[in-house]
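Student: Could we go through this structure together? I would like to take it piece by piece.

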Amino acid sequence: MTTVIEQIQISATVNGEKVTRLIEPRLSLVDFLRNELELTGTHVGCEHGVCGACTVRVNGEIVRGCLMLAVQAGGTEIMTIEGESDGGEIADLQKAFHERNAAQCGFCTPGLIMTTTELLKTNPDPNRAEIREYLSGNYCRCTGYEAIVDAIETVATERKGG
Amino acid sequence: MKPSAFNYAKPSSVDEVLGLLSEYGDEATILAGGQSLVPTMNMRLSAPSLVIDINGLAELSGISSNGESLRIGALTRHVEIENSSEIAEHAPLITMAMPSIAHPAIRNRGTMGGSIAMADPAAEMPACLCALGAEIEITGGSGARKVAATDFFKGLYDTDLGGDEIITAIEIPKISAGYRSAFDELARRHGDYAMCGAAAHAKVDGLVISDLRLVFFAVGGTPVVAAAVGSAMADQTVDAISIVAAQHAVEDDLSPFDDLQCSATLRMHYAKELTKRILNTLAAG
């Protein structure tokens, strides 16, 4: 017996804009953002929650875009790296990552910036060990993390005026 | 790495969930936080034809205090439990263990009930609930029943939960006067699956320990209650001699296995090291 898969219509607010799409239930949130909305700043890495490349914000909280179904995001407010970048609130992080060469290939960078935004919101003055622990769910295969931790430390210091 | 096609239902009551479970049987699966289920679906280790999303069931979410115990709704997310002052006061073991559960983005979605239902042998919550003498509330067609955490975990990813039942809450006895908890785990990277972990709860008077419930995880198919260590440490002062005796007792309690992360020998070594750390932590208060 073949099961008929019913498509479902969802509406969500993505980076401040209301969007509506008809989707298959199996579509992940990250594939929805990339393939349906062409917001390709959010990356697809491991697709089982380990690498953190697909990190986005749903109703204010960071989540794995590969472990949430797009259908579950109906009615939510989603923020991606594009939204955060256009809003200007991460300009200092982007600058620090660039200057410290913390991006290298850049694949992990959007997820790292999204996670860092959450870190600095919950702990504006993290030490290096706390930065490393908070970012432990985001893989970077280029930098060895040292440059990333440096960049975040710089921004945390600057933001508190020092 | 995409899940196979499925249909999606988002019921608005537990009764509706039970109706769908009895109609679809093994073809249906419950989606709570999705942090373990969705990976298994992406890897096609699991291919349900119906996903029942319970995230609309607000009544399954939240923490409440009823006299001698705490009640945590099955859909309560890890982040809420981690930040709860009520949990920190009455079940500090849970608060201690929370930061070891994966990473912040995962804890924002993952749920207590989901962690228990998945019963991953390396998961922290099953071991903590066994150490604390918690009960799991399971609801099925004929109503709700309660099962002791130590009876709930049957084997590798196998629990007492029937195919037509849902976990609705867990109940944890509040910590009694004179009792302390300790938690530790060893993993390759913070937030990764533990190679060996331990959760403990005991009465501590000065340096003397009694009623020790030490539970290891990631060393067997289920959380393992270290009964021999508990006996070895009954009314014992924590010192170099009793710690060595407790470490010997670990050999009676555990039969660890080899896997890609570490050998059985290394796991046993870690279990003994954790035993020492846990006892010292309990005694240090």
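Tutor: Strand 3 and strand 4 (residues 61-64) of chain A run antiparallel and are joined by four bridges. Strands pair if DSSP finds at least two bridges between them. Helices (H or I, at least four residues) and strands (E, at least two) are DSSP runs, numbered from the N terminus.

Student: Before we go on, what are the conventions here?

Tutor: This is a predicted model, in which local features need pLDDT of at least 70 and side-chain atom pairs count only at pLDDT 80 or more, while totals for chains, interfaces and linings use all residues. Residues are numbered from 1 along each chain as its sequence is written, and chains are lettered from A and ligands numbered from 1 in the order in which they are written.

Student: What are the domains of chain A?

Tutor: The assignment gives domain 1 (8-80) and domain 2 (88-159); such bounds come from an automatic or database domain assignment. Over C-alpha atoms, the centres of domain 1 and domain 2 of chain A are separated by 22 Å.

Student: And how many residues of each are in contact?

Tutor: Eleven residues of domain 1 of chain A are in contact with ten residues of domain 2 of chain A, where contact means that the C-beta atoms, placed from the backbone, lie within 7 Å. On the domain 1 side, the largest share, three residues, comes from strand 3 (residues 55-58) of chain A. That side of domain 1 of chain A divides into five nonpolar, five polar and one charged residue. Here Ala, Val, Leu, Ile, Met, Phe, Trp, Tyr, Cys and Pro count as nonpolar, Asp, Glu, Lys and Arg as charged, and the others, Gly among them, as polar.

Student: Which elements of chain A touch chain B?

Tutor: In total, 27 residues of chain A are in contact with 27 residues of chain B. Strand 4, helix 4 (109-122) and helix 5 (128-134) of chain A are the elements that give two or more residues to the chain A side. Strand 4 of chain A gives the largest share of that side, four residues. By class, the chain A side has ten nonpolar, nine polar and eight charged residues.

Student: New topic, chain B. How many helices and strands are there?

Tutor: Chain B has twelve helices and 15 strands. Its radius of gyration is 19 Å, close to the 19 Å that the globule rule gives for 285 residues, so chain B is as compact as a globular protein of that length. The radius is taken over C-alpha atoms, and the rule is 2.2 Å times the number of residues to the power 0.38. Along the principal axes, the C-alpha atoms of chain B fill a box of roughly 60 × 45 × 30 Å.

Student: What share of chain B is buried?

Tutor: Buried residues make up 49% of the 285 residues in chain B. A residue is buried if 20 or more other C-beta atoms lie within 10 Å of its own, exposed if 12 or fewer, and partly exposed in between, with C-beta atoms placed from the backbone.

Student: Why is helix 8 of chain B described as largely enclosed?

Tutor: Nine of the nine residues of helix 8 (residues 124-132) of chain B are buried, so helix 8 is largely enclosed by the rest of the structure. Among them are B:Glu124, B:Met125 and B:Pro126. B:Gly133 follows helix 8 of chain B and has a positive phi, near 65 degrees.

Student: And where are the domain bounds in chain B?

Tutor: Chain B is divided into domain 1 (1-55 + 68-175) and domain 2 (179-284). Taken over C-alpha atoms, 25 Å separate the centres of domain 1 and domain 2 of chain B.

Student: What does helix 8 give to that boundary?

Tutor: Between these domains, 23 residues of domain 1 of chain B are in contact with 21 residues of domain 2 of chain B. Helix 8 of chain B gives the largest share of the domain 1 side, seven residues. By class, that side of domain 1 of chain B has 17 nonpolar, four polar and two charged residues.

Terms used:
Contact = placed C-beta atoms within 7 Å.
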